[in-house]
Structures are given as structure tokens and as C-alpha cells.
Amino acid sequence: MKNGRDYVEGLSLLLLLPTLCYLVLFWFVPVFNIFLMSFTEGDTYILGKTSIIGADNYKVIFSDYHETISNTVTYSFLAALIDLILGVPLAYLLVRKKIAMTTILRAALIFPYFGDIYVSYGLWNMFLPGGLFDPLYSLMGLSYKNFLYNPQAVILGFAVFTLPFMVLYTSSAISQIDTSYEEVSMTLGYPPLLTFLRVIVPLSISGIIAGFIACFGWNLGGFLIPLLLGGVESSNVMTVKIVELSLRIHNYGLAAALSILLLIITLISSYLTFRITKALE
Amino acid sequence: MSKLLSTMKHLYVVLVAFILVAPFAFIFYRAVTYRTYLGVEFTGLKFFYELTPQYWSSLLNSIIIGITVALLDFFLAFPVAYALARYRFPLKRIIGAIFVVPMFTPDVVAGIGLMGVYIRYYGLYGSWLGTILGLASTSYPIMLLPLFASLKTLDPDYENVAKTLGASPLRVFGSVLIPLLAPAIFSGFVLTFVWCINNYLLPLFLTGGAIDLLAVKLYSDVRWWGLLGRVAAEASILQLATFLAVLLYIKMAGKRLLVGLAI
């Protein structure tokens with residue numbers, strides 16, 4: 001290109017324009033609308049006779065829903081941590097083709113695009129009586145209630161749902177590492193496990209962090225997983241509350257305020273992912 | 001020592017593969033078995049025969065919406081991917097981020113926002129058009145990423161030569177870019193299709209049940225009738241449709257299986 005300075009090439013704006021209009025109409029306007037809605041009372045905004053109550057909805061959220069918010073963040077964070085431990089070694093083995101079944105495992109990485117409906121329904125059925133773990137229950141004298149309908153079940157569900165994302169992000173970072181680094185480390189006497197921990201992990205750390213944050217962000221939006229696996233007691237997370245408040249109770253104002261909070265957390269995490277991976281460059 | 005490590009490695013891979021695949025496989029298993037007090041009984045396709053015609057029409061609706069949304073996504077994503085990959089302009093990073101942001105918006109949030117504007121301003125609530133436009137707004141970045149990744153690795157000389165030889169921009173697009181980008185276009189198409197036919201939250205907010213979509217029906221059945229074999233049968237059919245799409249994808253994408261999946 002000509003010189004290092006940024007300059008606008010006319011056609012580029014023309015190309016961006018249609019999608020930008022669409023984006024404004026179907027993303028920015030709706031989001032701004034939620035913001036406005038969060039200052040109104042109940043379902044008055046949707047019904048068209050807006051009654052503004054100022055920041056009352058936010059006050060209610062911070063006094064009554066702080067547990068919901070902390071639950072959401074904790075579950076998502078812990079699930080992302082499990083993904084980190086399970087996913088990074090798999091990404092390494094996949095990229096370096098040290099295992100069989102590579103094609104199947106790589107194809108499995110598309111699973112999150114299926115949404116959370118199968119993961120939650122499948123896991124739920126597996127844990128219920130008559131599922132996969134019946135022998136385990138009778139052997140250890142446990143009941144399915146030890147596994148389902150508690151925070152651990154929700155965290156497990158989240159972790160299973162987003163594990164492929166962790167592997168995706170990490171493997172794209174690992175595939176950029178030259179194999180000679182590992183060879184040198186092995187030649188100099190490091191065993192494979194230490195090579196992985198002290199050569200591969202530090203070299204791919206940006207991808208790992210990006211994967212961690214991305215998993216965290218995706219977990220925040222999970223809805224059916226906490227609903228099914230958490231049951232009544234442990235489904236106290238933001239997505240479930242938002243759906244309940246809006247579609248069931250019709251308190252759209254409160255739901256909107258909660259949505260704004262969820263959106264802010266998600267946007268921060270996706271922005272960090274974006275910065276770290278240097279995507280679209 | 002190395003033998004132990006190798007055993008551990010295999011155990012670990014089997015464990016992860018199990019974690020990834022088991023929930024999906026178990027739904028199929030559930031759909032063909034029935035649990036009584038005497039044990040598990042194989043029922044064959046009994047539960048599948050219980051599905052009503054309404055169910056099949058909702059599957060058709062889902063597929064129609066999925067294909068339409070994927071097509072719309074292509075026309076939304078391609079110009080942006082091309083501009084980001086080929087041209088230079090100030091604030092490119094931020095502009096790129098803005099175009100990808102809808103993908104990270106939780107469906108609940110997008111649902112509430114779109115529902116509000118549909119009811120109050122656009123008058124699209126409960127309509128096919130509204131559902132299609134709403135689903136496209138969160139799914140077009142899924143198309144954008146593989147397209148961008150492929151355009152970035154594609155030598156611009158192909159287009160330049162075509163231009164020099166006198167081809168119109170439309171001709172360059174149709175006869176040069178589309179054939180060269182076919183794998184990326186196809187993979188984006190499959191991913192957005194899969195994403196759409198399995199999305200239950202957005203249609204739940206946008207249609208209010210006015211349009212029968214399989215994912216929405218499946219969601220409410222899972223919630224209220226989750227233990228019935230019929231629901232497992234419903235789930236396995238939608239899952240089968242999804243897997244067929246993905247199988248096609250793997251067949252077509254070949255070695256470029258995962259290009260541009262991660263942002």
C-alpha cells in the first residue's frame with residue numbers, strides 16, 4: 001500500500017453502509033430502547049402509555065437481585081475455569097495430531113453453535129433416574145438429587161456447553177507456535193508434560209486468556225442450562241430472571257434494567273476477547 | 001513414566017470426547033427406549049409415530065426460516081467482510097468490533113430489545129418478516145468471520161486481473177470471488193442455518209407463539225413434558241436435521257474445517 005498513513009478508500013464506506021443501517025435499526029435502536037425501558041414502570045412502555053419512574057428499577061435490582069448477579073458471574077467464571085483445565089491440553093493434542101479421533105473431535109467443536117438446548121436436555125436426562133448414572137447411584141448410595149438441582153450441576157452444564165470454544169481459541173493460538181520450540185525443549189531434557197506447561201502454555205497464553213473470557217461471556221447468556229439443571233433452587237441467574245420478569249410477570253421495566261446490566265458485563269468480556277485475539281485484522 | 005503419561009493422555013481424551021458427545025447421544029437413546037420398574041425397554045420408533053402433523057409443519061417452518069436467514073446473512077456479511085479485508089480506513093478495529101458485537105449479545109437481551117421496538121415502532125411483532133430480520137441481526141457475524149478469514153488469505157490479484165481485463169464489479173463478484181470463496185460461504189451458510197433452527201429464545205420473544213417453530217415448541221415441551229419419550233423424539237429429529245447440515249459442512253469444508261470459527 002502507498003504509505004503508512006490511514007486514509008479512507010471511498011468504496012469501503014459504500015460497502016459498509018447497508019449493513020450499518022441494518023445494524024442501527026436492529027441492534028442499536030433496540031438496545032437504546034431497553035435503556036429507555038429500564039427507566040419506566042412495569043409494562044407501561046410496551047403498552048405505549050409510558051410512566052417514568054427514574055432509577056427505581058436499578059435500586060430494586062441492587063437491593064433484591066444482587067444474589068442473582070453474583071450467582072451469574074460466579075457460575076460462569078467457575079465453568080470457564082473448568083473449560084480452561086480441560087480444554088487447553090485437548091487443543092494442544094488436536095493441533096499436534098498426537099491422538100486418534102482428531103476429525104470427530106474437531107467436528108465436535110461446532111457443538112456450541114447448536115445452542116444450549118441439547119446439552120441441557122441431554123445432561124438432565126443423563127442425571128435423572130433411568131439415565132447413565134443409575135449404577136453409580138446404587139453403588140455409592142446416592143440419589144440423583146446429589147447431582148441435579150444444585151449450583152454444581154449448573155456449572156457442569158455451562159462447562160460442557162462452552163468447552164469447544166475454549167479448544168477453538170486455544171488451538172488457533174497453539175497452531176501458530178513453531179514445532180521447533182517443543183523439539184528444542186525436549187532435546188534439552190524437558191519431559192513432555194513440563195514442555196507443555198512451560199513452553200506451550202506461556203507461548204499461547206493470549207489465546208488461552210481470550211478463550212477463557214469468551215467462555216465466560218457465552219456462559220452468561222445460557223438460559224436453559226440453569227433452568228433445567230438448576231431446578232427451582234439454583235436457577236437464580238440473570239437470563240432466567242429476565243425471561244421470567246418479562247414474559248411471565250410482564251414487569252418489562254425491571255427486566256430491561258437487568259438486561260442492561262447483563263449486556264454491560266457481556267460487552268466488556270467480548271471487547272477484551274476482541275482486543276486480545278486481534279480479530280479482524 | 002512415559003507409559004503412565006500415555007495412558008493418562010488416552011484416558012483424558014476419551015473423557016473429553018465422552019463429555020462432548022454424551023448429551024447428544026443420550027437424547028437419541030432416550031427417544032428409542034422406555035423405562036419401567038422392570039428395567040429399560042426398547043421401543044423402536046414408537047415415540048416418533050406419536051408426533052402430530054403440526055410438529056412436521058413446524059419443522060418445515062424452521063427450515064424455511066433457517067434458509068432465508070442464512071441467505072440474508074450472506075448479503076449482510078459479505079460487503080462488510082470485503083471492506084474489512086481489502087480496504088483501509090480510520091478506526092478500522094473499532095468499526096470491525098461494532099459489526100461483530102451482535103453475536104455476543106445474549107439472546108435474552110436482543111429479544112427484549114427487539115420485542116420492544118417491534119411492538120412500539122416497527123409493527124413487526126409476531127410476523128415472519130420480523131422473525132427473519134431479528135434472527136439475522138444476531139447471526140450474521142457468524143457468516144462474517146469465515147468470510148473475512150478467507151478473503152484475508154485470498155490474493156487480491158485475482159480480482160485485480162479480472163478488473164484489468166475489463167470485468168464489471170458485479171462480474172468480479174459473481175465469476176471470481178464467489179467460486180474462490182465457496183468453501184467459506186458454504187461453511188458460514190451451514191453455521192448460520194444451524195444457529196437459527198436451534199434458536200428458541202429470540203422467536204419466543206419476537207413471535208409470542210404466533211409462528212410455529214420447532215425449536216420454540218421443543219423448548220416448551222422440554223420445560224413442561226421433559227420426561228416423555230415423545231419429547232426426546234422431537235429433540236432427536238431437530239438434532240438429526242442439525243447433524244445432517246453439519247455433515248454436509250464437514251464434507252464440503254474438508255481441511256479448512258474450522259477457518260474463522262473463533263473470532
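Tutor: In this predicted model, chain A contains 14 helices and zero strands, so that its pattern, read along the sequence, is α-α-α-α-α-α-α-α-α-α-α-α-α-α. The C-alpha trace of chain A spans about 75 × 75 × 30 Å along its principal axes, and 50% of the 281 residues of chain A count as buried. Among the contacts in chain A with a separation of 6 or more, 76% are made by residues 24 or more positions apart.

Against that background, the helix to examine is α6 of chain A, residues 117-127: because eleven of its eleven residues are buried, this helix is largely enclosed by the rest of the structure. The buried residues of α6(A) include A:Y118, A:Y121, A:W124 and A:F127, together with A:I117, A:V119, A:L123 and A:M126, and they also include A:S120, A:G122 and A:N125.

Turning to the assembly, 81 residues of chain A are in contact with 70 residues of chain B. On the side of chain B that touches chain A, the elements giving two or more residues are α1 (2-31), α3 (53-86), α4 (92-104), α5 (107-122), α6 (128-153), α9 (182-197), α11 (214-225) and α12 (229-253) of chain B. Of these, α1(B) supplies the largest share, 14 residues. Sorted by class, that side of chain B, where it touches chain A, comprises 54 nonpolar, ten polar and six charged residues.

Technical notes:
Residues numbered from 1 in each chain as written. Chains lettered and ligands numbered in written order. Predicted model: local features only at pLDDT ≥ 70, side-chain atom pairs only at ≥ 80, totals over all residues. Contact = placed C-beta atoms within 7 Å. Helix = DSSP H or I, 4+ residues; strand = E, 2+ residues; numbered from the N terminus. Nonpolar A, V, L, I, M, F, W, Y, C, P; charged D, E, K, R; others polar. Buried ≥ 20, exposed ≤ 12 C-beta atoms within 10 Å, placed from the backbone.
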